[in-house]
Amino acid sequence: MRALKERARFLAILFIFLLVLPLVNISRYACLDNEELLRHPRNHYGAAESDLLGSIVDRQGRPLAFMKEGERRYPLGPAAGPLLGYCNPVYGLAGLEAQLSERLQGFSVPRSLNQALLLWDKRDRRGDDLQLTIDSQLQRRAYEALAGRRGAAVLLEVPTGEILAMASRPAYDPNFSALKRDWARLTRDPQAPLVERAGQGMYPPGSVFKPLIMAAALEEGLTNPQAHFDCQGRAQVGNFVLNCHDRHGMLSLAQALAYSCNVAFADLGMRLGMERIRQWMRTFQMEGRLSAVPGAVTAKLPEASNPSAPAETAIGQADTLVSPLHMARLAAIIARGGLDIEPRLLKAQVREGEEIIWQPPWPQPRRVLSAQSAQLVAQAMLLTVEEGTGTAAQVAGVQVAGKTGSAENPHGATHAWFIGYAPAQKPRYAVAVILENAGGGGRYAAPCAQKILKAALASQP
Ligand SMILES: [Zn+2]
């Protein structure tokens, strides 16, 4: 009898527990994690109510995404597709549309009593507008510069760290009719057109990593501007043989960067060692999250520990992975003489078309490199475009500084890279371009970066 009672009590407790568990779970979603639900790609509620959804506009207030006749419109089409993402009742939300959904619906910043009463009166609940730092003209030009390629381009405004363009190819048109037409192809395409590559693509850096290694070696006192390197076309590190793409002979430190000598940089890498290379990647903020660039990835720091790993890492091979945005930020740090400013994509959240109700905190410029080391790297990057591997990035009448890269990867031909900035003496724009499996950076990525810099330099006085 007693045993039966015990068992009944046990069962009663079990049933209560089973009842309470889902309740707790539901209230968790209702009370605590509702932001997560709002942003969930399968939550079409926001999209269905989307006549009230705020617009996304560029730095001049030109529309990038807006509601018209119950449908989300994207005037730039594929030029900003992977960046903006999409919003519609069938496919849900993606890209910035998903990441900013709460702001665009007007939920993220509480309304004043006045605003709330006004809304109650009007019976509408229009969301807020989001202003980006993007310049829609330059976004289009960056997209055009990538024509016929797979890859990405980032254009930064050097003095502010604002992102002016973030283009990715292959792309897609986020307008609903186009998406409906192309959906089956887009989701099956092995070239992954739905992926935003400029801030979220992860690539081996190849030789565009060398400015970082040069800066680190200078700062650590492991080399100096008078240093010379003797390149006989190959270097033996332990039992690993590292080839240079040329037999450079005697090179100064600046020439080693300008001609992208693997032998010289393998040497610098070995002097630095893995721990210091990782530390310098952290110093250059490659591991940091960007509060004003939703979705941007953090770099993958190298973990390799074989004896030749520092040499391979220094020439951008081994297991390091970075995004084009990381590399544009590196170019901008050199352009600013060693000052870092956190890149930004979000500019302001605007309510009722006029009131700025939220802005990301203005980033404080931070010195990550001495002005002296930054200047030495800058001079070598100038030499790279004047007479080294980056001559295809030259712009008539303006001095361009840059660095090419050709990153070996396990998926076919090398990725072509270029990072740089202009004008070299008073930098305004920094750029990073990657073309997947295109071949040499000097031949393919440098002319593409040149087009983007040229467009930027022509855009304003
Ligand atoms: Zn060499």
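I began with Pro423, which sits in the loop between β18 (415-422) and β19 (429-435). Helices here are DSSP runs of H or I with at least four residues, strands are runs of E with at least two, and both are numbered from the N terminus.

I noted that this is a predicted model, in which local features need pLDDT of at least 70, side-chain atom pairs count only at pLDDT 80 or more, and totals for chains, interfaces and linings use all residues. Residues are numbered from 1 along each chain as its sequence is written.

Cis peptide bonds. I looked up the bond from Ala422 to Pro423 and found it cis, with omega near -15 degrees. I then checked Arg169 and Pro170, which are also joined by a cis peptide bond, with omega about -5 degrees. I placed Pro170 in the loop between β8 (163-169) and α9 (176-188).

Positive phi. I found a phi near 50 degrees at Ala192, a positive value in a residue other than glycine. Ala192 lies in the loop between α9 and α10 (210-219). I also listed Ser260, not a glycine, with a positive phi of about 55 degrees. Ser260 belongs to the loop between α11 (253-258) and α12 (262-283).
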